Amino acid sequence: MQELVQPLKIMDDERKQVILEIIADKYCKSILHNTLEKPKSAMEISDEKKIPISTVYRRLQTLFDAKLLAISGSINQDGKKYFLYKSKVKSISLKCDLEVTSVELVPNTRIN
């Protein structure tokens, strides 16, 4: 059974601008796409997408600050902390005319 998910309309102009900058960034889009199905570590993202690890960490912070990425963490058997990142959005829709820009987010409902 397919569930219907209502898009979230972004009204705040500052948040719209941040989202526009994110979708214009190839690394941010790649990270969101790579973490859509299941949570992944920064190292997994770096290895799979061939993005330098420092760039991955910067983009992860950008996406988290924009509330487009969820972070979960744990401590492994060696006592080291590790974090997993998962996209909170399934898609971003943009409609732009010369006066008004509208942005809608479809939440990622896949839970892992």
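Reader: What makes up this chain, in helices and strands?

Author: The model is a predicted one, and its chain has four helices and five strands. Reading from the N terminus, the elements go β-α-α-α-α-β-β-β-β. The C-alpha atoms fill a box of roughly 55 × 35 × 20 Å along the principal axes.

Reader: How much of the chain is buried?

Author: Of the 112 residues in the chain, 31% are buried. The cut-off for that word is under 20% relative accessible area.

Reader: Let's look at the helices. How do H2 and H3 cross?

Author: Helix H2 covers residues 26-34 and helix H3 covers residues 42-49; their axes come within 11 Å and cross at roughly 110°.

Reader: Why is H2 called roughly perpendicular to H3?

Author: Angles of 65 to 115 degrees count as roughly perpendicular. The crossing here is at roughly 110°, so H2 is roughly perpendicular to H3. As for its hand, the crossing is right-handed.

Reader: Which residues meet there?

Author: From H2 you have Ser-30, Ile-31, His-33 and Asn-34, and they meet Ile-45, Glu-48 and Lys-49 of H3. Sorted by class, this contact has two nonpolar, three polar and two charged residues.

Reader: What makes Ser-30 buried?

Author: Ser-30, which sits in helix H2, has a relative accessible area of 18%. Buried means under 20%, so Ser-30 counts as buried. Leaving out residues up to four places away in sequence, Ser-30 touches Lys-49 and Ile-51.

Reader: On to the next pair. How do H3 and H4 pack?

Author: Their axes are 9 Å apart, at an angle of about 120°.

Reader: Which residues of H3 are buried?

Author: Ala-42, Ile-45 and Ser-46 are the buried residues of H3.

Reader: How do you know that they are on the same side of H3?

Author: Around the axis they cover an arc of only 100°, which means they are on the same side of H3.

Reader: What covers the buried residues of H3?

Author: The cover includes H2, helix H4 (53-65) and strand E3 (81-87).

Reader: Why is Arg-110 called partly exposed?

Author: Buried is under 20% and exposed is over 50%, with partly exposed in between. Arg-110 has 45% relative accessibility, so it counts as partly exposed. You'll find Arg-110 in the segment after strand E5 (101-107).

Reader: What does Arg-110 touch?

Author: Not counting residues up to four places away in sequence, Arg-110 touches Leu-36, Glu-37 and Lys-86. Arg-110 and Lys-38 are 72 residues apart in sequence, yet 8.1 Å apart in space, C-alpha to C-alpha.

Reader: How many of the contacts in the chain link residues 24 or more positions apart?

Author: Among contacts with a separation of 6 or more, residues 24 or more positions apart account for 51%.

Technical notes. Residues numbered from 1 in each chain as written. Predicted model: local features only at pLDDT ≥ 70, side-chain atom pairs only at ≥ 80, totals over all residues. Heavy atoms only, no water. Axes fitted to C-alpha atoms, helices over the stretch in contact; angles between N-to-C directions. Helix = DSSP H or I, 4+ residues; strand = E, 2+ residues; numbered from the N terminus. Parallel < 35°, antiparallel > 145°, perpendicular 65-115°, else oblique. Left-handed = near helix turned anticlockwise from the far one by under 90°. Contact = heavy atoms within 4.5 Å. Nonpolar A, V, L, I, M, F, W, Y, C, P; charged D, E, K, R; others polar. Buried < 20%, exposed > 50% of the residue type's maximum accessible area, 1.4 Å probe, protein only. Arc of directions from axis to C-beta.
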